[in-house]
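Biologist: I would like to learn how to read a structure one feature at a time. Could we go through one together?

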Amino acid sequence: MELGLSQREVGSITVVAVSGELDVFTAPQLESALNDLVTAGRVEIVVDLSGVSFLDSTGLGAMVKALKWVKEQSGSLTVVAADERIVKVFKITGLDDVMSLQAELDPALAGS
């Protein structure tokens with residue numbers, strides 16, 4: 001399955017909407033897109049996983065790298081996920097303690 005990526009600016013925040021399966025085959029696309037944003041100085045990022053049907057450790061790894069990059073620039077990374085299967089992956093790995101995890105986009109935009 002292909003990965004869908006789109007981005008838009010909401011004030012100083014860049015929202016990256018992801019759809020499809022985020023796995024070993026597609027995670028490099030997300031990682032590259034997030035790296036490009038940080039390199040361009042966009043360090044307030046919301047990754048919207050509402051359209052993601054599957055997430056593996058490689059997908060998580062891409063977000064962990066992006067979190068490191070934005071923190072080095074005093075930025076922030078917030079993840080939006082409501083699907084219980086996706087949220088469970090963050091909770092099992094403890095990443096919900098390391099990065100901001102929101103169930104809906106609006107609170108993520110307000111909290112970043």
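Predicted model: local features only at pLDDT ≥ 70, side-chain atom pairs only at ≥ 80, totals over all residues.

Biologist: What is found at the start of α2 and just after it?

Modeller: At the start, a side-chain oxygen of D56 comes to within 2.9 Å of the backbone nitrogen of T58. Just after α2, S74 has a positive phi of about 60 degrees.

Biologist: Which residues of α2 are buried?

Modeller: Start with the general idea. An α-helix has 3.6 residues a turn, so residues three or four places apart point the same way. In α2, the buried residues are G59, L60, A62, M63, A66, L67, W69 and V70. Their cover includes β2, α1, β3, β4 and α3.

Biologist: How many residues are in the largest nonpolar core, and which have the most contacts inside it?

Modeller: That core has 29 residues, and L22, L34, I45, L49, M63 and F90 have the most contacts inside it. Two or more residues come from each of β2, α1, β3, α2, β4 and α3. Helix α2 gives the most, with six residues. Take L34 as a case: leaving out residues up to four places away in sequence, L34 touches V16, I45, V47, A62, A66 and W69. There is also a second, separate core of seven residues, including I13, V15, V80 and L109.

Biologist: Now the charges. How many salt bridges are there?

Modeller: The count is four, taking a side-chain nitrogen of Lys or Arg within 4 Å of a carboxyl oxygen of Asp or Glu. One of them joins R42 and E9, with the closest N and O atoms 2.2 Å apart. R42 is in the loop between α1 and β3 and E9 is in strand β1, so this pair ties together parts that are 33 residues apart in sequence. R42 is partly exposed at 24% relative accessibility, and E9 is partly exposed at 43%.

Biologist: Which salt bridge links two helices?

Modeller: K65 and E31 form a salt bridge at 3.2 Å, N to O. K65 lies in α2 and E31 in α1, so the pair ties together parts 34 residues apart in sequence. E72 and K68 are four residues apart, so about one helical turn separates them. K68 is exposed, with a relative accessible area of 52%.

Biologist: What does the side chain of D23 reach?

Modeller: D23, in the loop between β2 and α1, is buried and has no salt bridge; R85, the nearest side chain of opposite charge, is 12 Å away. The D23 side chain reaches the backbone nitrogen of F25 at 3.0 Å. Beyond four places in sequence, D23 is in contact with P28, F54, D56 and T58.

Biologist: And what does the side chain of D48 make a polar contact with?

Modeller: D48 is in strand β3. D48 is buried without a salt bridge, and the nearest side chain of opposite charge, R8, is 6.2 Å away. The D48 side chain makes a polar contact with the side chain of S50, at 2.5 Å.

Conventions:
Residues numbered from 1 in each chain as written. Heavy atoms only, no water. Buried < 20%, exposed > 50% of the residue type's maximum accessible area, 1.4 Å probe, protein only. Lys, Arg positive; Asp, Glu negative; His and termini not counted. Polar contact = N/O pair within 3.5 Å; in protein donor to acceptor, adjacent residues only side chain to side chain. Contact = heavy atoms within 4.5 Å. Core = buried A, V, L, I, M, F, W, Y, C linked by side-chain atoms within 4.5 Å.
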